[in-house]
Amino acid sequence: MKNFILITAGVLILIVVAFIWSTYNRLITANEAINNQWAQVETQYQRRFDLIPNLIESVKGVMSQEQKIFGDLAEARSRYAGASSPPPKADSATQIEGALARLLVVMENYPQLKSAENVQTLMAQLEGTENRISVERKRYNDAVRDFNVAIKRFPSNLIANQLGYSNKNYFEAENGSEKAPKVDLQNK
Amino acid sequence: MSSRLFKLVLASFVFFALSLNANAYFNPGNPVGFVNDYTDTIGGEQKQSLENKLSQIEKSTGNEIAIVIIKNLQGDTIENFAEKLFKDWGIGKEKKDNGVLILVAKEDREMRIEVGYGLEGALTDAQSNWIINQVMKPAFRNNDFYKGIDEAADKIIAATQGENIPSLSTTKNERKNSDIDYEMLFWAGAFVFMWLSAILGRSKSWWLGGVLGGTAGIIIGLIKGFLFFGLISIAILIPAGLLFDFIVSRGYKEGKARGHLPWWVGGQWSGKKGGFGGFGGGMSGGGGSSGSW
């Protein structure tokens, strides 16, 4: 009988240990997935930054009176370079998107740019990069959602508390950014 | 073209707008081959020759090029649709991500070349853009979909060739080096596991696994002739058997409800057609280019 109690207790302890072990690993993996996904987002941001100077270089001759936009882009770029953690980086990236959108609107006024081959190539590259950014960000949000759900659910929240894990932020649009510049999209 | 780019920039600027319409994606079905035409645009013979060409490329380079023609996007953007479909089907080999998807939405007059992570270096966005504008668009405008797609596939093959070295022999080599006894043991274990899963999963009971676990424990105890060892085996194997039975039974039930049985139940392989064994599980990250005609 004594043996039986011992064995039962041993099995129970084994189950609890197995649970803590697997939950701990799952949370660590979920946390790491977010970091990993953020790195993917940053890679694509970098790709965008590498393209912007080329684009400016090829259009500034024609668009000489649009110095303000070029200045905004350069400023946002250096702000991004100076940022060290994800939130300010995301902020300055949003700023770049605003400036880039304005540049593209203004470019519509220069039909000679559209026919230039190097501008077309750059646009195709920028287009691909923008799409990559949106894909990787979406996956970043997915990773954050998985993590946030995991740390809130019982009983894994007990272990998440021990690890000091708390809610992570999603990528969100800035206030007022839904009033982005309107433009006529007739000419495809 | 730049208006499309503008929309993209705007979409990431107003990021939540994009997340919202991400729900419009629908899975058109399971892939039946490299060519999946849901609109009956490409005739039988042309389809076959295209299929043969792409299957040949997959055999020699490992690259998986998928062609999908759908009626419409049901309000989704072609970029989002292509990325989701790419992920759903897993075009390209796992880890190598060497897949390419040519997606055409006929009623929306939109097309996209989506490139897997592994081929982004070989097939750049600018090249995809060139293929769309110089090859596909003119042919599509003449209503010659086969010509546009066939030539686009040729260009993609040309661009991707040389980057991938054939790697069919790797699995065979590994097998030669491995210890045969362990391999036998592994397969025997896997066989018993699948056999038990199929039986226990189908049976409605949840206690049979426990009984089997207990029996196995008694047998181990008898063989070892040692009561304590037998008791431990019984104590561990009964809950393990119960848990196993519970998991597979639930998996079977849920699978049945969804109309898609889990892999371990068996009898699934008959559903696959001819030589096409499905895609390899590759991923894309939004690389490539889109256009309309």
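Trainee: Leaving aside its neighbours within four places in sequence, which residues is Ile67(B) in contact with?

Mentor: In this predicted model, Ile67(B) is in contact with Phe34(B), Val35(B), Asn36(B), Leu50(B), Ile102(B), Ile149(B) and Ala153(B).

Trainee: Nice. And which residue is the bridge partner of Val35(B) in E2(B)?

Mentor: That is Ile67(B) again. The two strands involved, E1(B) and E2(B), run parallel and are joined by 3 bridges.

Trainee: What holds paired strands together in general?

Mentor: Strands of a sheet pair through backbone hydrogen bonds, and they can do so parallel or antiparallel.

Trainee: Back to chain B, then. In what order do the 5 strands sit in the sheet?

Mentor: The order is E1-E2-E3-E4-E5 in chain B, in an open sheet with mixed pairing. At the edges are strand E1 (35-37) and strand E5 (284-292) of chain B, each of which pairs on one side only. On average, neighbouring strands of this sheet are turned by 15° against each other, direction ignored.

Trainee: Which strands does H4(B) touch when it packs on the sheet?

Mentor: H4(B) touches E2, E3, E4 and E5 of chain B, and its direction makes about 135° with that of E3(B). There is also H6(B), which lies across E2 and E3 of chain B and runs at about 155° to E2(B).

Trainee: How many helices does chain B have?

Mentor: Chain B has 10 helices, along with its 5 strands. Of its 293 residues, 38% count as buried.

Trainee: On to the largest nonpolar core: which residues touch the most other members?

Mentor: Those are Ala66(B), Ile67(B), Val100(B), Leu101(B), Ile102(B) and Leu103(B), in a core of 41 residues. Among the elements that give two or more residues to this core are strand E2 (64-70), strand E3 (99-105), helix H4 (78-89) and helix H6 (145-160) of chain B. Another core lies apart from it, with 33 residues that include Ala76(A), Leu103(A), Leu104(A) and Ala160(A).

Trainee: Switching to chain A, what is its mean pLDDT?

Mentor: The mean is 82, and 91% of the residues of chain A reach 70 or more. Among its elements, helix H5 (residues 117-152) of chain A has the highest mean pLDDT (88), and helix H4 (residues 111-115) of chain A the lowest (80).

Trainee: And where does pLDDT stay under 50 in chain A?

Mentor: Over residues 174-188 of chain A, for which the model has 19 contacts beyond four places in sequence.

Key: Residues numbered from 1 in each chain as written. Chains lettered and ligands numbered in written order. Predicted model: local features only at pLDDT ≥ 70, side-chain atom pairs only at ≥ 80, totals over all residues. Helix = DSSP H or I, 4+ residues; strand = E, 2+ residues; numbered from the N terminus. Buried ≥ 20, exposed ≤ 12 C-beta atoms within 10 Å, placed from the backbone. Core = buried A, V, L, I, M, F, W, Y, C linked by C-beta atoms within 7 Å. Contact = placed C-beta atoms within 7 Å. pLDDT = per-residue confidence, 0-100. Pairing = 2+ DSSP bridges. Axes fitted to C-alpha atoms, helices over the stretch in contact; angles between N-to-C directions.
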